[in-house]
Amino acid sequence: MQYVSVVHHQITRWGMLHEGRVHLAATAPDHPATLLAALQDGRAADRTRILADARETPAVDEVELLAPIPRPPRNIICLGLNYAEHARESQQAKGQELALPEHPVVFTKATSSVTGPTADIPLDPRVTTQLDWEVELAVVIGTGGRHIPEDRALEHVFGYTVINDLSARDLQFQHKQFFLGKSLDGGCPMGPGITPADRVSDPHALRLWCDVNGERQQDGHTSDQVFRVADTIARLSAVMTLEPGDIIATGTPSGVGFAQQPPRFLQPGDVVECGVEGIGTLRNRIVAAA
(Lines give C-alpha, C1' and ligand atoms only; values in the text may rest on other atoms or scores of the structure.)
Protein backbone atom coordinates (compact mmCIF):
# COMPACT_ATOMS: atom_id res chain seq x y z
CA MET A 1 0.00 0.00 0.00
CA GLN A 2 1.41 3.35 -1.08
CA TYR A 3 0.37 6.97 -1.45
CA VAL A 4 0.56 8.09 -5.06
CA SER A 5 -0.11 11.08 -7.28
CA VAL A 6 -1.37 10.31 -10.78
CA VAL A 7 -2.84 11.75 -13.95
CA HIS A 8 -6.24 10.16 -14.61
CA HIS A 9 -8.37 11.36 -17.52
CA GLN A 10 -5.96 14.30 -17.90
CA ILE A 11 -6.56 15.44 -14.31
CA THR A 12 -3.96 15.27 -11.55
CA ARG A 13 -5.27 13.28 -8.57
CA TRP A 14 -3.90 11.50 -5.52
CA GLY A 15 -4.85 8.39 -3.64
CA MET A 16 -3.75 4.97 -2.40
CA LEU A 17 -2.20 2.28 -4.57
CA HIS A 18 -3.51 -1.00 -3.18
CA GLU A 19 -3.48 -4.44 -4.82
CA GLY A 20 -2.83 -3.04 -8.28
CA ARG A 21 -5.53 -0.38 -8.22
CA VAL A 22 -5.38 3.32 -7.41
CA HIS A 23 -8.08 4.30 -4.93
CA LEU A 24 -8.47 7.95 -5.88
CA ALA A 25 -9.15 10.31 -2.99
CA ALA A 26 -12.62 11.80 -3.00
CA THR A 27 -12.98 15.20 -4.62
CA ALA A 28 -15.01 17.90 -2.89
CA PRO A 29 -14.46 21.52 -1.88
CA ASP A 30 -13.64 20.47 1.68
CA HIS A 31 -11.25 17.67 0.64
CA PRO A 32 -7.52 18.24 0.07
CA ALA A 33 -6.82 18.39 -3.65
CA THR A 34 -3.25 17.10 -3.44
CA LEU A 35 -1.31 14.59 -1.39
CA LEU A 36 0.82 17.41 -0.03
CA ALA A 37 -2.27 19.27 1.20
CA ALA A 38 -3.61 16.08 2.79
CA LEU A 39 -0.28 15.47 4.47
CA GLN A 40 -0.13 19.04 5.76
CA ASP A 41 -3.63 18.99 7.26
CA GLY A 42 -3.22 15.49 8.70
CA ARG A 43 -5.92 13.75 6.67
CA ALA A 44 -3.46 11.65 4.66
CA ALA A 45 -2.81 9.57 7.78
CA ASP A 46 -6.35 8.11 7.72
CA ARG A 47 -5.74 5.41 5.12
CA THR A 48 -8.91 3.51 6.01
CA ARG A 49 -11.03 6.59 5.30
CA ILE A 50 -9.26 7.29 2.00
CA LEU A 51 -9.93 3.73 0.79
CA ALA A 52 -13.53 3.76 2.02
CA ASP A 53 -14.34 7.12 0.38
CA ALA A 54 -12.80 6.27 -2.99
CA ARG A 55 -15.38 6.08 -5.79
CA GLU A 56 -12.88 5.60 -8.61
CA THR A 57 -10.33 2.79 -8.56
CA PRO A 58 -8.53 2.60 -11.92
CA ALA A 59 -5.88 -0.05 -12.46
CA VAL A 60 -2.35 1.26 -12.06
CA ASP A 61 -1.67 0.79 -15.78
CA GLU A 62 -4.63 3.08 -16.56
CA VAL A 63 -3.00 6.11 -14.95
CA GLU A 64 0.27 8.02 -15.29
CA LEU A 65 2.26 7.89 -12.09
CA LEU A 66 3.76 11.22 -11.05
CA ALA A 67 6.24 11.89 -8.28
CA PRO A 68 4.14 11.38 -5.12
CA ILE A 69 4.71 15.03 -4.21
CA PRO A 70 5.17 16.58 -7.66
CA ARG A 71 6.26 19.96 -6.28
CA PRO A 72 7.58 19.69 -2.71
CA PRO A 73 7.11 22.73 -0.48
CA ARG A 74 10.86 23.25 -0.18
CA ASN A 75 14.06 22.06 -1.83
CA ILE A 76 14.89 18.39 -1.42
CA ILE A 77 17.33 18.09 1.49
CA CYS A 78 20.18 15.74 0.60
CA LEU A 79 23.08 14.05 2.33
CA GLY A 80 26.38 13.63 0.54
CA LEU A 81 29.00 10.95 1.24
CA ASN A 82 26.61 9.17 3.64
CA TYR A 83 27.71 5.63 2.74
CA ALA A 84 31.24 4.67 3.73
CA GLU A 85 32.22 2.99 0.46
CA HIS A 86 30.79 5.84 -1.61
CA ALA A 87 32.75 8.34 0.47
CA ARG A 88 35.90 6.33 -0.20
CA GLU A 89 35.32 5.95 -3.95
CA SER A 90 34.56 9.68 -4.30
CA GLN A 91 37.65 10.75 -2.39
CA GLN A 92 39.84 8.27 -4.25
CA ALA A 93 38.56 9.48 -7.62
CA LYS A 94 39.44 13.06 -6.60
CA GLY A 95 42.82 12.12 -5.17
CA GLN A 96 41.77 13.15 -1.66
CA GLU A 97 42.65 11.64 1.70
CA LEU A 98 40.32 8.80 2.59
CA ALA A 99 38.15 9.73 5.59
CA LEU A 100 34.51 9.50 6.57
CA PRO A 101 32.70 12.81 7.16
CA GLU A 102 32.60 13.82 10.81
CA HIS A 103 29.36 15.74 10.27
CA PRO A 104 26.58 15.32 7.69
CA VAL A 105 27.32 16.85 4.28
CA VAL A 106 24.04 18.64 3.56
CA PHE A 107 22.96 20.22 0.28
CA THR A 108 19.67 20.69 -1.58
CA LYS A 109 18.09 20.05 -4.97
CA ALA A 110 15.67 22.58 -6.46
CA THR A 111 12.00 21.61 -6.36
CA SER A 112 11.86 22.06 -10.15
CA SER A 113 14.15 19.04 -10.52
CA VAL A 114 11.44 16.65 -9.31
CA THR A 115 9.92 14.40 -11.96
CA GLY A 116 7.99 11.16 -12.17
CA PRO A 117 9.10 7.55 -11.68
CA THR A 118 8.89 6.73 -15.40
CA ALA A 119 9.46 10.18 -16.91
CA ASP A 120 12.03 10.77 -19.64
CA ILE A 121 15.09 12.70 -18.43
CA PRO A 122 16.30 15.41 -20.87
CA LEU A 123 20.04 15.62 -21.38
CA ASP A 124 21.35 18.88 -22.86
CA PRO A 125 25.07 18.67 -23.76
CA ARG A 126 25.24 22.47 -23.64
CA VAL A 127 24.63 22.17 -19.90
CA THR A 128 26.37 18.92 -18.93
CA THR A 129 28.25 16.04 -20.50
CA GLN A 130 28.74 14.24 -17.19
CA LEU A 131 25.30 13.12 -16.00
CA ASP A 132 25.63 10.53 -13.23
CA TRP A 133 23.23 8.27 -11.31
CA GLU A 134 22.63 7.94 -7.53
CA VAL A 135 19.94 5.70 -6.04
CA GLU A 136 18.70 6.90 -2.64
CA LEU A 137 16.17 6.12 0.05
CA ALA A 138 14.19 9.29 0.76
CA VAL A 139 12.31 10.20 3.93
CA VAL A 140 9.07 12.19 3.83
CA ILE A 141 8.34 14.21 6.97
CA GLY A 142 4.79 13.95 8.29
CA THR A 143 4.91 15.82 11.57
CA GLY A 144 7.15 18.85 11.62
CA GLY A 145 9.08 20.24 14.52
CA ARG A 146 12.20 21.89 15.89
CA HIS A 147 14.78 20.28 18.17
CA ILE A 148 13.36 16.82 17.58
CA PRO A 149 15.14 14.33 19.87
CA GLU A 150 16.81 11.44 18.08
CA ASP A 151 14.87 8.83 20.06
CA ARG A 152 11.56 10.35 18.85
CA ALA A 153 12.65 11.29 15.35
CA LEU A 154 11.13 8.34 13.47
CA GLU A 155 7.72 9.34 14.87
CA HIS A 156 7.96 12.38 12.59
CA VAL A 157 8.36 10.28 9.43
CA PHE A 158 5.28 9.99 7.22
CA GLY A 159 6.84 7.47 4.86
CA TYR A 160 9.62 6.52 2.47
CA THR A 161 10.15 6.79 -1.26
CA VAL A 162 12.91 6.31 -3.87
CA ILE A 163 14.95 9.09 -5.47
CA ASN A 164 17.53 9.07 -8.24
CA ASP A 165 19.78 11.98 -7.30
CA LEU A 166 20.95 12.60 -10.86
CA SER A 167 24.08 14.72 -10.80
CA ALA A 168 25.84 16.86 -13.41
CA ARG A 169 29.36 16.18 -12.19
CA ASP A 170 31.04 18.83 -14.35
CA LEU A 171 28.78 21.53 -12.89
CA GLN A 172 29.06 20.11 -9.39
CA PHE A 173 32.86 20.17 -9.42
CA GLN A 174 33.25 23.45 -11.36
CA HIS A 175 31.15 25.40 -8.89
CA LYS A 176 32.76 23.90 -5.77
CA GLN A 177 29.34 23.21 -4.31
CA PHE A 178 26.51 20.86 -5.17
CA PHE A 179 23.41 22.97 -5.88
CA LEU A 180 23.68 23.66 -9.62
CA GLY A 181 24.99 20.20 -10.46
CA LYS A 182 22.13 18.63 -8.54
CA SER A 183 19.27 20.84 -9.73
CA LEU A 184 18.85 20.06 -13.43
CA ASP A 185 15.26 20.07 -14.62
CA GLY A 186 14.18 16.42 -14.44
CA GLY A 187 17.19 15.61 -12.27
CA CYS A 188 15.20 14.14 -9.37
CA PRO A 189 13.01 11.19 -10.42
CA MET A 190 10.91 10.22 -7.40
CA GLY A 191 8.40 7.51 -6.53
CA PRO A 192 6.67 5.44 -7.52
CA GLY A 193 4.81 6.20 -4.29
CA ILE A 194 5.29 6.83 -0.59
CA THR A 195 5.30 3.71 1.56
CA PRO A 196 3.83 4.55 4.98
CA ALA A 197 6.36 4.57 7.80
CA ASP A 198 4.54 1.83 9.71
CA ARG A 199 5.05 -0.49 6.73
CA VAL A 200 8.84 -0.15 7.04
CA SER A 201 9.96 -1.81 10.24
CA ASP A 202 13.55 -0.61 9.92
CA PRO A 203 14.75 1.95 7.33
CA HIS A 204 18.27 0.60 7.83
CA ALA A 205 17.41 -2.96 6.78
CA LEU A 206 16.82 -2.26 3.09
CA ARG A 207 18.77 -3.19 -0.02
CA LEU A 208 19.03 -0.54 -2.74
CA TRP A 209 20.40 -0.77 -6.26
CA CYS A 210 20.81 0.99 -9.60
CA ASP A 211 20.96 -0.61 -13.07
CA VAL A 212 21.96 1.17 -16.28
CA ASN A 213 20.77 -0.63 -19.42
CA GLY A 214 20.22 -3.74 -17.32
CA GLU A 215 23.78 -3.73 -15.91
CA ARG A 216 24.09 -3.47 -12.14
CA GLN A 217 26.05 -0.37 -11.13
CA GLN A 218 25.10 0.11 -7.47
CA ASP A 219 24.19 -2.60 -4.99
CA GLY A 220 24.11 -1.35 -1.43
CA HIS A 221 22.32 -1.59 1.89
CA THR A 222 20.92 1.16 4.08
CA SER A 223 22.64 -0.36 7.13
CA ASP A 224 25.83 1.17 5.72
CA GLN A 225 24.71 4.76 6.20
CA VAL A 226 27.14 6.90 8.17
CA PHE A 227 24.40 9.13 9.62
CA ARG A 228 21.14 7.27 10.15
CA VAL A 229 17.65 8.62 9.58
CA ALA A 230 16.83 9.47 13.21
CA ASP A 231 20.21 11.12 13.74
CA THR A 232 19.80 13.12 10.53
CA ILE A 233 16.33 14.36 11.49
CA ALA A 234 17.57 15.41 14.93
CA ARG A 235 20.56 17.28 13.47
CA LEU A 236 18.52 19.04 10.79
CA SER A 237 15.76 20.06 13.20
CA ALA A 238 18.30 21.55 15.57
CA VAL A 239 18.99 24.14 12.87
CA MET A 240 15.69 24.49 11.02
CA THR A 241 12.05 23.73 11.66
CA LEU A 242 11.10 20.68 9.65
CA GLU A 243 7.67 20.84 8.01
CA PRO A 244 5.16 18.30 6.71
CA GLY A 245 6.10 17.37 3.17
CA ASP A 246 9.82 17.98 3.58
CA ILE A 247 11.83 15.32 1.76
CA ILE A 248 15.25 14.13 2.91
CA ALA A 249 17.37 12.05 0.53
CA THR A 250 19.67 9.95 2.67
CA GLY A 251 22.66 9.40 0.37
CA THR A 252 23.83 6.86 -2.17
CA PRO A 253 25.99 3.72 -1.99
CA SER A 254 29.14 3.12 -4.03
CA GLY A 255 29.07 2.47 -7.76
CA VAL A 256 28.52 5.94 -9.22
CA GLY A 257 29.78 6.67 -12.71
CA PHE A 258 32.37 9.38 -12.11
CA ALA A 259 34.36 7.12 -9.75
CA GLN A 260 34.73 4.31 -12.30
CA GLN A 261 37.89 3.78 -14.31
CA PRO A 262 37.38 5.17 -16.86
CA PRO A 263 34.49 7.37 -15.71
CA ARG A 264 31.09 6.50 -17.15
CA PHE A 265 28.27 8.96 -17.70
CA LEU A 266 24.71 8.69 -19.00
CA GLN A 267 23.91 9.18 -22.68
CA PRO A 268 20.64 9.58 -24.64
CA GLY A 269 18.99 6.17 -24.96
CA ASP A 270 20.26 4.88 -21.63
CA VAL A 271 17.67 3.44 -19.24
CA VAL A 272 18.28 3.91 -15.52
CA GLU A 273 16.46 1.78 -12.94
CA CYS A 274 16.74 2.61 -9.25
CA GLY A 275 15.14 0.50 -6.56
CA VAL A 276 14.82 0.23 -2.81
CA GLU A 277 13.64 -3.03 -1.27
CA GLY A 278 9.99 -2.86 -0.23
CA ILE A 279 9.61 0.72 -1.49
CA GLY A 280 9.64 0.49 -5.29
CA THR A 281 11.56 1.06 -8.49
CA LEU A 282 12.11 4.04 -10.78
CA ARG A 283 12.67 3.47 -14.50
CA ASN A 284 13.72 6.51 -16.52
CA ARG A 285 15.09 6.87 -20.02
CA ILE A 286 17.67 9.52 -20.87
CA VAL A 287 16.65 11.49 -23.98
CA ALA A 288 18.28 14.26 -25.98
CA ALA A 289 16.91 17.63 -24.89
CA ALA A 290 14.74 19.32 -27.50
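I began with the secondary structure of this predicted model and found six helices and 18 strands, where helices (H or I, at least four residues) and strands (E, at least two) are DSSP runs numbered from the N terminus. Residues are numbered from 1 along each chain as its sequence is written, and side-chain values use heavy atoms, without hydrogens and water. Local features need pLDDT of at least 70 and side-chain atom pairs count only at pLDDT 80 or more, whereas totals for chains, interfaces and linings use all residues.

I then looked up burial: 55% of the 290 residues count as buried, that is, under 20% relative accessible area with a 1.4 Å probe and protein chains only.

Next I turned to the nonpolar cores, sets of buried Ala, Val, Leu, Ile, Met, Phe, Trp, Tyr and Cys residues joined through side-chain atoms within 4.5 Å. The largest has 38 residues, and Tyr160, Ile233, Leu266, Val276 and Ile279 have the most contacts inside it. Among the elements that each supply at least two residues of this core are helix H6 (229-239), strand E11 (157-164) and strand E18 (280-288). Apart from it I noted another core of 25 residues, including Ala25, Val114, Ala138 and Val140.

For Leu266 I listed the residues touched (heavy atoms within 4.5 Å): leaving out those up to four places away in sequence, they are Leu123, Leu131, Asp132, Trp133, Leu166, Val212, Val272 and Ile286.

Finally I checked contacts across the protein, and of those between residues at least 6 apart in sequence, 76% join residues at least 24 apart. I also noted that the C-alpha atoms fill a box of roughly 55 × 45 × 30 Å along the principal axes.

Key:
Buried means under 20% relative accessible area, exposed over 50%, partly exposed in between (1.4 Å probe, protein chains only).
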